[in-house]
Amino acid sequence: VFVLVEQITKCQESAFPVFYLLKNLGEKMRCCEMSARDRKKLLKLVWGQLSGLEGNIDEYMECAVVWLEFICLDPSNLKDLDVVLDDVIKHLLPARTFEACYPALEKILSILLSCQDEVTDLFTLTKFLPFLDLFQKESVKVDACKTVLSAFRT
């Protein structure tokens, strides 16, 4: 699989866009058994590519959602969750594109809340509250906060 990631990075955009290949790889890898060490190595390779994706923010967010689900296969992997949240924030803040990405941000929030046995663990992440700050539209922010609060009840 590591060779496959290297081949994807060398792929010419004309045949298949890199984001599409990385997204599909992530969807398939969610179903694979891997050691924690291999999972971390794969994530490092892939996220290096995803982090560098420029251009279409929707394509980046599609990939980010899929690979976040991959990270959540190991709920104790809080450090990588923090790295991903930081990268999402960095992609969305400069151009203030977060408003167009509310559905993807809501999906990310849902994934984060569902993968943690203890919701309070999310508040130990340095980037969780800045991530919540991306929900700027009042009605969306209220819904996001309700989602977080309802996770405490379950």
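Predicted model: local features only at pLDDT ≥ 70, side-chain atom pairs only at ≥ 80, totals over all residues.
Trainee: How many helices and strands does the protein chain have?

Mentor: There are 8 helices and 0 strands, in the order α-α-α-α-α-α-α-α along the sequence. Helices (H or I, at least four residues) and strands (E, at least two) are DSSP runs, numbered from the N terminus.

Trainee: How do you know that the length of helix 4 agrees with what its residues should span?

Mentor: The expected span is 1.5 Å times one less than the number of residues. Helix 4 (residues 57-71) has 15 residues and should span 21 Å; its end C-alpha atoms are 21 Å apart, so the two values agree. Helix 6 passes as well: its 14 residues should span 20 Å, and its end C-alpha atoms are 20 Å apart.

Trainee: Why is Ile111 called buried?

Mentor: Buried means under 20% relative accessible area, exposed over 50%, and partly exposed in between (1.4 Å probe, protein chains only). Ile111 has 7% relative accessibility, so it counts as buried. This residue lies in helix 6.

Trainee: And what makes Ser110 partly exposed?

Mentor: The relative accessible area of Ser110 is 39%, and therefore Ser110 is partly exposed. Ser110 also lies in helix 6. Ser150, in helix 8, gets the partly exposed label with 28%.

Trainee: Which residues does Ile111 touch?

Mentor: Leaving out residues up to four places away in sequence, Ile111 touches Val65, Leu68, Glu69 and Cys72. Contact means heavy atoms within 4.5 Å.

Trainee: What makes helix 4 mostly covered?

Mentor: Of its 15 residues, 12 are buried, including Tyr60, Trp67, Leu68 and Phe70. The buried residues of helix 4 pack against helix 2 (18-29), helix 3 (36-51), helix 5 (78-92) and helix 6 (102-115).

Trainee: Which helices do the buried residues of helix 6 pack against?

Mentor: They pack against helix 4, helix 5, helix 7 (128-132) and helix 8 (138-153). Among the buried residues of helix 6 are Tyr102, Leu105, Ile108 and Leu112.

Trainee: Which residues does Phe2 touch, not counting residues up to four places away in sequence?

Mentor: Phe2 touches Asp38, Lys41, Leu42 and Leu45 on that count. Phe2 lies in helix 1 (residues 2-10), and its C-alpha atom is 9.2 Å from that of Asp38, 36 residues apart along the chain.

Trainee: How much of the protein chain is buried, and how many of the contacts join residues at least 24 apart?

Mentor: Buried residues make up 44% of the 154 residues. Among contacts between residues at least 6 apart in sequence, 71% join residues at least 24 apart.

Trainee: How far apart are the mean positions of the positive and negative charges?

Mentor: They are 2 Å apart, for 18 positive and 23 negative charges. Lys and Arg count as positive and Asp and Glu as negative, while His and the chain ends are not counted. The place of a charge is taken as NZ of Lys, CZ of Arg, CG of Asp or CD of Glu.

Definitions and conventions
Residues numbered from 1 in each chain as written. Heavy atoms only, no water.
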